Amino acid sequence: MTYNYRCVVNNVLRKTEFGPVSETNDSEFNGINVEPIVDRIKDWTNEVYIEICNSGFWRFLETEASFSTVIGQQNYSVADNCQVNRIINVREIHTPSLLRRIDFKDIDKCYPDTLQTTSATPRYYYFLDNTIYLYPVPNSVITVKYRYYKMVSELINSTEVPEIPEQWKWVWVNGVLVRVNQYLQDQSLNTAQMHYYDGLLQMRAANRADIQRKNSINPY
C-alpha cells in the first residue's frame with residue numbers, strides 16, 4: 001500500500017471497529033456512513049502528526065534554502081516553513097565559510113556605530129523576529145544558504161506523503177489511537193499510549209545516532 005495520508009488514517013481505522021474506508025469514498029465503510037468518526041480521526045491524525053514533528057529536531061525535517069544578498073541590505077526573510085530558532089547553520093558559498101551566530105545585543109555592544117554601515121563579506125548573523133541579519137552588511141552579491149528543521153502543515157489531500165518516515169508510521173498510528181481511546185473509551189486500545197511514548201523514545205534515540213553519524217562526516 002502506498003504510504004500517504006489515507007494510508008495512516010486507514011491504519012488507525014483497522015485497529016478500531018470501523019475498518020478502512022473506501023479507496024474512493026472517505027465517508028463510507030461497508031456501505032455505512034462513518035463520516036463523523038472518520039473526520040475526527042483525520043483531525044487527530046493531523047494533531048499527532050504536528051505534535052511529533054514539533055517535538056524534536058528531526059533529521060527527516062532537515063532541509064536547505066538560500067537567498068542572494070543585495071548590496072547594502074542587511075536583513076533577509078526566511079522561508080515560510082522556517083522558524084529562526086530551528087536554523088542549524090548559515091553559510092556563504094562565495095568563500096565558502098560558515099557564518100558565526102552572534103546575539104544582537106552582543107554585536108550592538110561591540111559595533112554600535114558600524115552595525116549598519118560596515119560593508120564587506122558577511123562573517124556573522126543574528127536574528128530579529130523571523131529575519132536573518134548579516135554583519136558586515138554585504139558589499140557584493142553572494143549566495144547565502146541556511147539549513148533548518150522545517151515546520152510542517154496539516155495534511156489535506158488523501159494522497160499527500162507525510163514527512164514522518166514510513167518506518168515510524170506505527171508510532172504515529174498509536175498516537176492517534178490514544179485520542180480514539182479517550183473518545184470511545186475503548187479498553188482494547190489501552191496499550192496505545194504505552195506504544196506511542198515508547199515509540200517516541202525509539203525515534204529520538206535513532207535520530208540522535210543519525211545526527212552523530214552526520215556530524216562525524218560533515219561538520220556542515
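Visitor: Which residues in α1 meet α4, and which ones in α4 do they meet?
Guide: In α1 they are Cys-7, Val-8, Asn-11 and Val-12, and in α4 their partners are Lys-169, Trp-172, Val-173, Val-176, Leu-177 and Val-180, where contact means heavy atoms within 4.5 Å. This is a predicted model, in which local features need pLDDT of at least 70 and side-chain atom pairs pLDDT 80 or more, while totals for chains, interfaces and linings use all residues. Residues are numbered from 1 along each chain as its sequence is written, and side-chain values use heavy atoms, without hydrogens or water.

Visitor: At what angle do α1 and α4 pack?
Guide: Helix α1, residues 5-14, and helix α4, residues 169-184, pack at about 55°, and their axes are 9 Å apart; the axes are lines fitted to C-alpha atoms over the stretch in contact, with angles from 0 to 180 degrees between N-to-C directions.

Visitor: Okay, stepping back, how many helices and strands are there in the protein chain?
Guide: The protein chain has 5 helices and 12 strands, taken as DSSP runs (H or I, at least four residues, for helices; E, at least two, for strands) numbered from the N terminus.

Visitor: And how much of the protein chain is buried?
Guide: Of the 220 residues in the protein chain, 44% are buried, meaning under 20% relative accessible area, with exposed over 50% and partly exposed in between (1.4 Å probe, protein chains only). Among the contacts with a separation of 6 or more, 69% are between residues 24 or more positions apart.

Visitor: Let me switch to Phe-60; where is it?
Guide: Phe-60 sits in the loop between α2 (35-53) and β3 (62-68).

Visitor: What is Phe-60 in contact with, leaving aside its neighbours within four places in sequence?
Guide: Phe-60 then touches Cys-53, Glu-163, Ile-164, Pro-165 and Met-203, and of these Cys-53 is buried, because its relative accessible area is 0%.

Visitor: Last one: is Asp-129 buried or exposed?
Guide: Asp-129 counts as exposed, because its relative accessibility is 75%. Asp-129 is in the loop between β9 (124-128) and β10, and its phi is positive, about 55°, although Asp-129 is not a glycine.
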